[in-house]
Structure formats: C-alpha cells, structure tokens
Amino acid sequence: MSAELLNRGGGGAARAAAPDLVGGPSDRQTWSLLARSQDLSRATKHLESPESYGVVLTGERGIGKSGLARAVISSLGPKIHSLQLRNTVANGQTPYGCLGFLLARLPSEAVSSPTGILHAITSLIRAEAAGRQTVFIVDNAGGMDPMSTGVLLNLMATGTAKVIATVQRSSDLPADFHRLVLEEQLGEVHLNTLSEEQTKQVLGSVLGHYVSSTLVGSLHSAVGGNPMLLHALLDEQRHSGNLVLNDSVWTLRDRIKLEGATVVEDFVRSRLAREPQANRTVVEVLACAQRATLVDLAAIFGTEVLVEMEESGLLTVDRNGEHWVSLRDAYVGEVVRGWLSTRRRRELRLMLLGPKEPELGGLAPQDLLSYAAWMHACEDEPSPSPAHALAAGRAALDDYDPNFAIQCTLSLDPKDPEWVAGQRLKSAAYLMLDLPLHAAQALDEVSEAHIAALDPMEFAEVTAAKCQAMTWIDGRSAMVPGVITAASETLEAMVSNPEAYAPELITRARNRLLLCNYEYQAYMGEYAAVAEDLEKELVKDPADDREHWLKSAFCLMETRCVMGRELEAQQLARTVSRQLGNNDRPAQLEESFAREAFGVLLLSGQWRKCIELMRRTPSTPSRLQYRGAITELGVGLAYAYAGKPSSAIEPLRSDAAQLELRPAMNMVKVAYAATAFAYAQLGNSLEAGRYLDLYRTCRGVGTYFSESVAEFCAEMAGRWMGDPDVKPRLLARVQQDIDKRRFTTAGICLFGATVEGTDAEYKLLEEIAENRQGPLAQIARDLARGSLKRSSRSLLAAADAAAALDLLVVEARCVAMALDFARNAGETTAARTAQLRLERLEQSVSALPIQPRSDAPVLTERERQIAKLAGKGVSNREIAMDIGVSVRTVEGHLYQVFTKLGVSSRGELNGLL
C-alpha cells in the first residue's frame with residue numbers, strides 16, 4: 001500500500017464531536033459483554049481456581065478481550081486488588097517497561113538489583129492488597145519485556161498475585177507464559193467473533209425497541225462480527241442518517257458503506273501499517289478483484305508471502321478446485337478499495353489481469369462483478385465490452401444489486417447487439433427497486449426497428465418483460481392479455497418460414513409467451529383457466545426447456561394448492577426442489593420457488609415448515625436490503641396463522657417498518673393486515689385498529705394470493721375485535737372463491753366465518769372440505785360434521801388433527817364446542833376430557849376464539865395441585881406435609897375435585913391432569 005494511504009486521515013474532528021451510542025470509545029471494548037456471559041463465567045472460574053495462576057484471554061484485535069478482563073475483576077467485587085499493566089512497543093524494549101509505575105514508587109536503594117526490585121515490588125503489593133487477592137490485568141502480554149515477565153512469574157509462583165493476560169494468540173506470549181498455558185496452569189479463554197444471533201442480542205440491548213433482520217445481518221456481515229467495529233459502524237450509521245427508528249423498529253435506509261467510517265478505516269489502517277509492502281499490495285489486489293487463484297498470486301508475490309499472510313489471518317485459501325484466495329475479512333477489502341486512486345486501480349488490474357480483457361466464458365459471476373466494478377471505477381479507462389457489461393449486469397441482479405445492474409447497462413449503445421437485452425435487464429432491475437413505471441419506460445425505449453431485428457426468443461423475452469412491468473402498474477394489468485395475443489400473432493408470422501429458425505428456438509419462444517399467460521392468470525387468481533394446460537406442461541421432459549418447465553411448475557404448485565389439491569401441491573414442491581437441486585439454483589429461480597413453496601405450506605397449515613423455509617433463505621447483505629423484509633413477513637405471517645401472536649409481533653412490525661422505507665411488490669398491505677391480526681389475537685384492539693387503518697389506506701394491488709392473504713388477515717382481525725360486518729364480507733368472498741374453484745381459500749375463509757356458524761354454513765364447509773386434501777380439510781370436515789350432528793367425538797377428532805399441526809387456537813375452538821355438546825348430551829367422560837383439555841389450552845392461547853356456552857366447573861390452583869399429586873399415588877398425609885396444610889384440608893379439596901370432574905377414585909385422576 002502506498003504511503004499516501006497509510007497517512008490518509010479525514011473525518012476525525014467531525015467524528016469526535018458526535019455523541020456515541022453507549023457512552024464513549026471505552027464502551028466499544030465492553031458492550032460485547034452483553035452476549036459473552038459464558039466467556040465471563042469461564043474466565044472467572046479459571047481465575048478463582050486454586051490450581052490456576054490466572055487466565056489468558058485470546059482473540060483478534062477489537063474482539064473485547066480487555067473489556068472482558070475488566071468485567072471479570074468487576075464480577076469478583078472488593079475482594080480483589082487489581083493492577084493494570086499495558087505493554088507498548090516502547091516499553092516492550094525497556095527492562096521493567098510495563099512495571100514502570102511500580103518502580104517509581106520504590107525506594108532508591110531497592111532498585112539497585114533485580115533481587116531488590118522483586119522483593120520491594122512483592123512487599124508493596126502485599127501491603128496495598130491488605131489480605132486481598134491481587135490480580136494483574138496484562139494487556140498485549142505478547143509485548144512484555146523479559147524482566148517484567150520474570151517478576152510476574154515470581155509473583156504468580158509465590159501466590160502473591162494472579163494474572164489476566166490478553167493476547168491475540170497464546171503462542172504470542174513470552175515462552176514461560178506459553179508453557180504455563182500448555183501445562184494448563186494458566187487457563188485460556190478464546191473469544192470468537194460474535195455470531196449473528198449474538199449481534200442481534202447486543203443490538204437489541206443497546207438500541208432498545210425492535211431490531212430488523214436487515215440491520216442485524218448487514219452490520220454483522222460488514223464487520224465480520226467484530227464487537228468494536230460493530231459499535232463504531234453502528235455509531236457511524238446513526239450519525240449519517242442511514243440508521244433510522246421507524247415505528248419503534250431500528251432498520252437501515254440503504255446499504256452500509258464503509259468508506260468514510262472513520263473508526264473502521266483507522267482500524268484497517270493500523271492493522272496494515274505493520275505489514276510489509278508486498279503484503280499490503282496483495283491486500284490491494286484482493287480488495288479490487290475480491291478473489292484470485294493461488295497460482296496467479298504466487299506467480300506475482302511468491303508463495304512465502306501468501307503463507308505468511310494466511311497464518312497471520314489476513315487471507316483465507318479455499319483448498320478445493322483452483323485454490324481461490326480472498327481476504328478473510330471482507331470489510332478490509334471494502335475499506336481499502338475506497339482508498340485507491342484510479343491510477344492505482346489501473347496498476348493493480350494490469351498486475352493481475354494484464355492489458356487484455358478476460359475471456360467471458362472463464363469468469364464466474366463473482367469475478368465478473370469485481371471486474372466490472374474495477375473497470376467502472378477507472379473513469380478514464382474504456383468501459384467493459386458490451387458482452388461483459390451485459391453479463392455483469394445479470395450477475396449483479398442475481399446478487400440483488402439492481403443499482404449496479406442498471407449502471408452496467410448504461411455503457412451499452414443502441415447500436416450494440418446486446419442493447420435490447422440490456423433494456424430488459426434494466427427493466428428487471430427497476431422492478432426489484434419497486435419502480436414499475438421506470439421498468440416500462442426502459443422497454444418503451446426499444447424501437448420498432450429493434451423489435452423487427454430480434455429473433456423469436458428475444459422477441460418473446462421482451463414481450464414477457466413488458467407484461468411483467470404492466471402487471472404492477474395500476475390501470476395497465478388489464479391490458480396484458482391483449483399484449484400476449486398480439487405478440488403471439490407476431491411470433492407466428494415471424495416463424496411462418498420454418499427454415500428461418502431452429503425448431504428448438506421456435507418452441508422456446510412459444511413457451512415463453514405461454515408462460516406469460518400462465519403467470520398473468522395466476523396473478524389474477526384465474527387458476528381454473530390454466531390448470532389443465534399447466535398439468536400438460538408438467539408431463540413434458542424438463543430437459544427440453546428447463547426454465548419453462550420449472551416456472552410452469554411454480555405456477556402449478558400455487559394452482560393445485562388454491563384449488564384444493566394441497567397434498568399434490570406439496571408433492572410437486574418436493575419434485576421441483578429436486579430439479580432445482582440438480583442445478584446451481586439461480587437466485588431469481590430460487591426466490592420464485594421459495595415464494596410458491598411458502599404459499600403451499602401456509603395454506604396447508606404447515607406453519608413450522610414455512611418458518612424453516614424462510615430461515616433457510618440465503619441472507620447476503622445485498623439480498624437483505626431488498627428481500628429481508630419479505631423473509632420476516634413470511635415468519636410473522638406463519639406465526640399469525642398458527643395462532644401464536646406473541647411470536648408474530650416482532651417480525652411483523654419489523655417487516656412493516658422496512659417495507660415502508662423500501663417497498664416490494666405491494667407487500668406492505670399484507671404486513672399491515674397480518675400485524676393487525678396478531679394484535680387482535682392478543683386482545684390489543686388499539687394497535688390492531690391502528691394497523692387496520694394503515695391497511696385500508698394502502699393503494700395499489702398485488703397478486704391474487706397476496707391480496708387474499710391480506711384481506712383474510714384484516715377480516716380476521718376485525719372478527720377478533722367483534723366487528724359484526726366481518727362475517728357477511730367473508731361469506732361473500734367464500735362464494736366468489738367457490739365460483740372460481742378456489743376451494744382452499746374458500747374453506748379457510750369459511751372456517752373463519754363460521755365461529756358461531758349456522759347449520760347451512762357448516763353444511764357448506766363440509767361440501768368445500770370434500771373438494772380439498774390434507775389435514776386442514778379433515779379438520780374442517782370433522783368440525784362441520786360435529787357441529788351438524790352435535791357430536792363431541794367428531795369435534796375432539798378435529799381438535800386432535802389441529803393439535804398435530806400445533807394450531808392451538810383451532811384446537812381450542814374445537815374443544816370448546818365439544819365441551820358444550822358433551823354436556824348437553826350428558827357425556828360425562830367426554831365433557832371431563834374436553835374441560836381439562838380446554839384448561840390446558842388456556843395456558844397457551846392468549847384468548848380463546850370461542851367460549852363454552854355453559855358454565856364449566858374449573859379447578860382452583862390448589863385443587864389442581866392436590867389432584868396432580870393424588871393422581872400420582874401420593875397419600876393425603878404426604879400431600880398435606882408437602883404443601884403445608886392439614887390432612888382434613890386435603891380431603892376437602894379432593895372431594896371438590898371428584899365432584900367437579902365426575903370421578904370416584906384417585907386412579908381416574910391419572911392422565912386427566
């Protein structure tokens with residue numbers, strides 16, 4: 001690295017004037033303790049052990065070693081007499097350097113010999129300790145001079161003092177200290193970087209309120225879990241305005257940029273200042289290229305340099321394939337990249353790649369992106385070739401970086417063969433940014449002359465892109481069928497001469513327009529119109545047109561599920577997942593599959609699998625910015641549907657706050673409605689009403705599926721809040737769904753509408769269930785039959801099926817109805833079973849969806865306590881002694897229990913409670 005970079009400053013004065021988040025720079029070393037309770041416990045245990053001389057805290061710089069050392073001392077309280085020793089480069093070369101402050105307090109005659117110094121220091125420490133245990137905190141123990149080392153070893157050996165030493169690696173300690181570690185006379189606690197979960201814990205404790213997954217994931221990735229840098233970067237984001245509190249949720253407005261982050265830059269500069277020039281140049285090369293093969297780097301810098309850098313923790317080497325080398329900490333590369341001048345970037349590019357543009361076929365997406373970014377940063381360099389620019393743009397979009405994708409297309413000229421494809425790419429990037437009008441405008445720039453020159457496949461792709469953009473623009477979605485019809489006619493005219501184009505190309509072009517129609521009909525909820533055609537697509541050979549087969553299968557997954565074929569939809573999802581697994585799973589295909597699979601699982605009652613699917617979704621920093629909120633929405637929605645509102649609130653409020661700042665596919669409506677539903681289940685009418693008001697003010701529409709989910713959540717929120725107008729609206733929607741053969745959504749809506757339903761409504765619920773598959777259909781069928789026949793047995797069977805899916809609210813509804821019917825029929829055993837089951841559910845369900853009509857004999861807490869013990873065979877006398885009452889009191893409580901539950905012996909209690 002050039003000297004100008006090592007000397008470069010900037011921002012220091014302005015940064016110092018800004019207030020810190022948690023009290024000042026010293027806290028950067030201590031706030032990670034919020035997530036280090038286990039490390040604190042282990043270090044304290046080593047220090048207190050009679051067989052131990054103390055503990056060594058190891059870990060990279062900024063990890064929080066000094067903060068943990070002070071926390072150990074603090075946890076032991078006044079019984080400890082502590083002394084702080086700091087080692088610097090200067091005092092490490094001076095005898096007794098770190099003990100200088102003690103030597104200054106010794107009488108002059110005591111410092112004439114090493115023995116005199118040792119005795120005098122020992123006497124001084126013992127006098128000041130006054131019987132307490134003395135502990136030395138030795139920062140940067142690896143830099144300690146030999147004389148200081150000897151004094152500390154003697155103090156430890158004589159029991160005068162113990163040590164807490166901090167060092168990056170135990171092997172960096174003086175030889176005698178390292179020997180003590182190997183012999184386990186000095187304990188070692190290694191501090192790792194914070195995990196993402198620990199980062200969330202720290203941020204939640206420091207910031208308060210809710211913390212979005214986007215904020216947690218982005219900060220954690222930016223600094224690799226380093227606590228000190230995490231603190232500094234969080235403070236930088238706050239002062240730059242990128243960290244915002246929106247509706248009690250902390251999140252980010254935009255991507256995190258490390259350029260200008262003063263503390264992080266200072267940390268990197270300090271770290272690299274100790275490295276030789278060759279090592280710094282390697283860092284510069286990898287900062288620009290992001291990775292390079294071991295062979296290429298070794299040819300330039302030599303193997304020894306790379307080995308040394310790997311051992312010191314600057315580099316990481318992938319041992320597979322071509323042995324790719326990259327910087328271990330990505331933030332180092334981002335910071336260094338921001339320092340490099342255009343001239344220096346050009347020098348580094350020529351050093352690694354030479355003057356020629358690399359072969360496109362040999363570049364992986366990651367290398368393509370870094371090369372394009374490298375070229376775009378060199379303003380006076382020629383832009384990448386059109387082919388490279390287009391490929392880089394596609395890679396950027398796959399990496400969820402739509403802004404860079406658009407930047408790549410700007411170098412394309414209308415005369416370039418790649419220009420039309422570039423406009424399609426630009427349109428897709430604008431859609432990712434939720435700017436459908438811009439997306440349509442990009443395609444409108446494609447002239448008739450360009451269209452006439454396209455081959456059939458590219459023409460079909462342009463048409464598909466237009467349809468996709470129009471679908472999301474208010475007032476234009478109805479025009480899509482006409483566009484598809486006109487394009488189909490044009491395509492047939494283009495291929496009227498079969499010898500002009502290869503048959504495979506013609507087939508793929510026709511497939512693309514067919515897929516446009518399938519996707520549009522699914523968007524509108526017209527599944528019955530395409531169900532038969534989609535089934536025909538499924539039996540075709542995927543190898544003929546894999547992308548068409550996969551996307552058609554995605555549509556069919558949703559179609560089958562909504563039309564009542566939930567089990568077949570789940571089976572198809574497993575088949576498609578295997579097909580995707582045979583490929584590299586491109587990001588856009590993976591996202592489409594995850595979206596459809598989530599819908600299938602949600603409508604099938606598989607809420608746990610929904611959450612697993614969302615949490616398996618890749619969480620790169622770029623993806624978090626554009627899809628992190630959608631992931632949290634999926635988790636929260638699954639919890640809300642499952643009747644677990646307490647777990648749903650945090651992710652739902654978080655995703656709503658993020659979607660307000662960065663909209664995506666009109667999903668903020670779903671977020672508002674689902675949040676209202678969760679609050680209503682908790683009985684919080686104020687917050688539920690607030691989110692319902694937000695839902696009602698949303699403009700624009702989404703897909704049929706997202707709109708139906710939002711509407712259902714909003715109506716169910718109203719139902720929980722006692723709105724009498726909800727039921728008629730739900731029944732009207734049920735009829736609409738039946739007319740369109742959307743039996744699954746019809747059944748779910750009717751299930752919600754029939755709390756306190758009529759016989760006619762239960763009969764309809766049973767009929768709909770006959771057109772569905774899976775456990776939710778069985779629950780609806782048993783509930784309907786039980787209600788019609790007043791059968792507690794059928795209702796308890798429905799409750800069992802709901803319990804198997806862990807749908808506690810549904811289970812509680814079925815059990816409450818079973819209890820009423822059992823009592824009315826005089827079914828003592830069934831009533832007793834239902835009563836006890838309902839009492840257990842009340843402990844888990846925040847509010848029952850339905851209350852039994854007749855008064856239920858409820859056991860008191862004392863009666864339940866005694867009944868449990870009695871059911872286990874404990875005698876009355878033992879129960880009385882155990883809970884501190886008289887035997888007569890126990891007998892009285894058992895009489896009440898037997899009467900309420902209708903049992904006559906203690907043995908019947910076993911299993912009821």
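I779 touches F751, A798, A801, A802, L805 and V810, where residues up to four places away in sequence are not counted and contact means heavy atoms within 4.5 Å. This is a predicted model, in which local features need pLDDT of at least 70 and side-chain atom pairs count only at pLDDT 80 or more, while totals for chains, interfaces and linings use all residues. Residues are numbered from 1 along each chain as its sequence is written, and side-chain values use heavy atoms, with hydrogens and water left out.

I779 is, with M557 and V576, among the residues with the most contacts inside the largest nonpolar core. A nonpolar core is a set of buried Ala, Val, Leu, Ile, Met, Phe, Trp, Tyr and Cys residues joined through side-chain atoms within 4.5 Å, and buried means under 20% relative accessible area, with a 1.4 Å probe and protein chains only.

| Core | Residues in core | Including |
|---|---|---|
| Largest | 124 residues | M557, V576, I779 |

Elsewhere, T471 lies in helix α25 (residues 456–471), helices being DSSP runs of H or I with at least four residues, numbered from the N terminus. T471 counts as buried because its relative accessibility is 10%. Apart from neighbours within four places in sequence, T471 is in contact with S477, V480, Y520 and Y523.

Terms used. Buried < 20%, exposed > 50% of the residue type's maximum accessible area, 1.4 Å probe, protein only. Helix = DSSP H or I, 4+ residues; strand = E, 2+ residues; numbered from the N terminus.
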